[in-house]
Amino acid sequence: MSRWFGRFQRKDSWYDKYDNGESGRPVSLERARSESEWRGALSPEQFFVLRQKGTERPFTGAHWSTTAAGVYSCAGCGLDLFHSKDKFDAGCGWPSYTKPIEDRVVFTEGDRTHGMVRQEAMCAGCGGHLGHIFPDGPPPTGDRWCINSASIVFRPAD
Ligand SMILES: [Zn+2]
C-alpha cells in the first residue's frame, strides 16, 4: 500500500480547493491526485462515485449482499475503511456498516443536495466520496454507513 501511495501528487488536487481544516476534514492530505490522474486510475463507475459524488443504483453493486469475513478498503487509495463484522443487511441495496474500521480513516460533512440533509462520508486517505450516514442503524452505534460498492474493494480474511 505504501508504494501505491508514493505515486500520489498533491499539486492542484481536488482536496486543495476545499480544504478548510474545519468540519472534521484532515488539515493536510499528501496523497491526492489531479482529476485527469483519477480518471486514468479508476473505472468509470469508481470515478463517478469517488470523484463526482455519484450514487450507484441499489442492488447493483458488488458488495451489497456479501457476508464473507474480511476488510473493505478504499478503491481510490487502498486505505482500509470497513470490516465485515460491522456490516449488516439494511435491505437498502447498498453495503451498510455500523461504523468505520477506525474513526480516523473517514471524515464527514453535511450534504444538502437532492432536497435532503445528510451526512456525507469521505475517505480520509484521498477525499473520495463513499456514501452517506443515516441515524437508523442497529446497535451498537445506531448509525448506518450506507456505502457505494464502487468506492470500496473487498479483501477476504486469510
Ligand atoms: Zn481513499
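**Fold and confidence of a predicted chain**

Of the 158 residues in the chain, 35% are buried, a residue being buried if 20 or more other C-beta atoms lie within 10 Å of its own, exposed if 12 or fewer, and partly exposed in between, with C-beta atoms placed from the backbone. The model is a predicted one, in which local features need pLDDT of at least 70 and side-chain atom pairs count only at pLDDT 80 or more, while totals for chains, interfaces and linings use all residues. Residues are numbered from 1 along each chain as its sequence is written.

The pLDDT, which is the predictor's confidence in each residue from 0 to 100, averages 81 over the chain, and 80% of the residues score at least 70. The pLDDT is below 50 over residues 1–30, a stretch that has 32 contacts in the model beyond near neighbours in sequence. Two residues are in contact if their C-beta atoms, placed from the backbone, lie within 7 Å. Where pLDDT is low, the predicted coordinates should not be read in detail.

The secondary structure comes to four helices and nine strands. Helices (H or I, at least four residues) and strands (E, at least two) are DSSP runs, numbered from the N terminus. Of the contacts between residues at least 6 apart in sequence, 54% join residues at least 24 apart.

The strands considered next belong to an open sheet of three strands, with the order 2-1-9 and antiparallel pairing. Strands 2 and 9 are at its edges, and each has a single partner strand, so one side of each is left without a neighbour in the sheet. From one strand to the next the twist averages 30 degrees, where axes are lines fitted to C-alpha atoms, for helices over the stretch in contact, and angles run from 0 to 180 degrees between N-to-C directions. Two strands pair if DSSP finds at least two bridges between them. Strand 1 (residues 70–74) pairs with strand 9 (residues 152–156) over five bridges in the antiparallel sense, and Gly70 stands opposite Pro156 in strand 9. Strand 1 also pairs in the antiparallel sense with strand 2 (residues 80–83), here over three bridges. In this pairing Val71 stands opposite His83 in strand 2. Strands 1 and 2 form a hairpin with five residues between them, and Gly78 in the turn has a positive phi of about 85 degrees.

A further open sheet has six strands in the order 3-4-8-7-6-5, with antiparallel pairing. Its edges are strand 3 (87–88) and strand 5 (106–111), each with a single partner strand, so one side of each is left without a neighbour in the sheet. Strands 6 and 7 run antiparallel and are joined by four bridges. The bridge partner of Gln119 in strand 7 is Ile133.

In soluble globular proteins, nonpolar side chains tend to be buried together. A nonpolar core is a set of buried Ala, Val, Leu, Ile, Met, Phe, Trp, Tyr and Cys residues joined through C-beta atoms within 7 Å. The largest such core here has 28 residues, and those with the most contacts inside it are Cys74, Leu81, Val106, Cys123, Ile147 and Ile152. Two or more residues of this core come from each of helix 4 (44–50), strand 1, strand 2, strand 6 (118–123), strand 7 (129–134) and strand 8 (144–147). Leaving aside neighbours within four places in sequence, the contacts of Leu81 include Tyr72, Cys74, Pro100, Val106, Cys123 and Ile152.

Several loop residues have particular backbone geometry. Lys53, found in the loop between helix 4 and strand 1, has a positive phi of about 55 degrees although it is not a glycine. Lys53 counts as partly exposed because it has 16 C-beta neighbours inside 10 Å. His114, in the loop between strand 5 and strand 6, is also a residue other than glycine with a positive phi, near 60 degrees. His114 is exposed, with 7 other C-beta atoms within 10 Å. Pro140 lies in the loop between strand 7 and strand 8, and the peptide bond from Pro139 to Pro140 is cis, with omega near 5 degrees.
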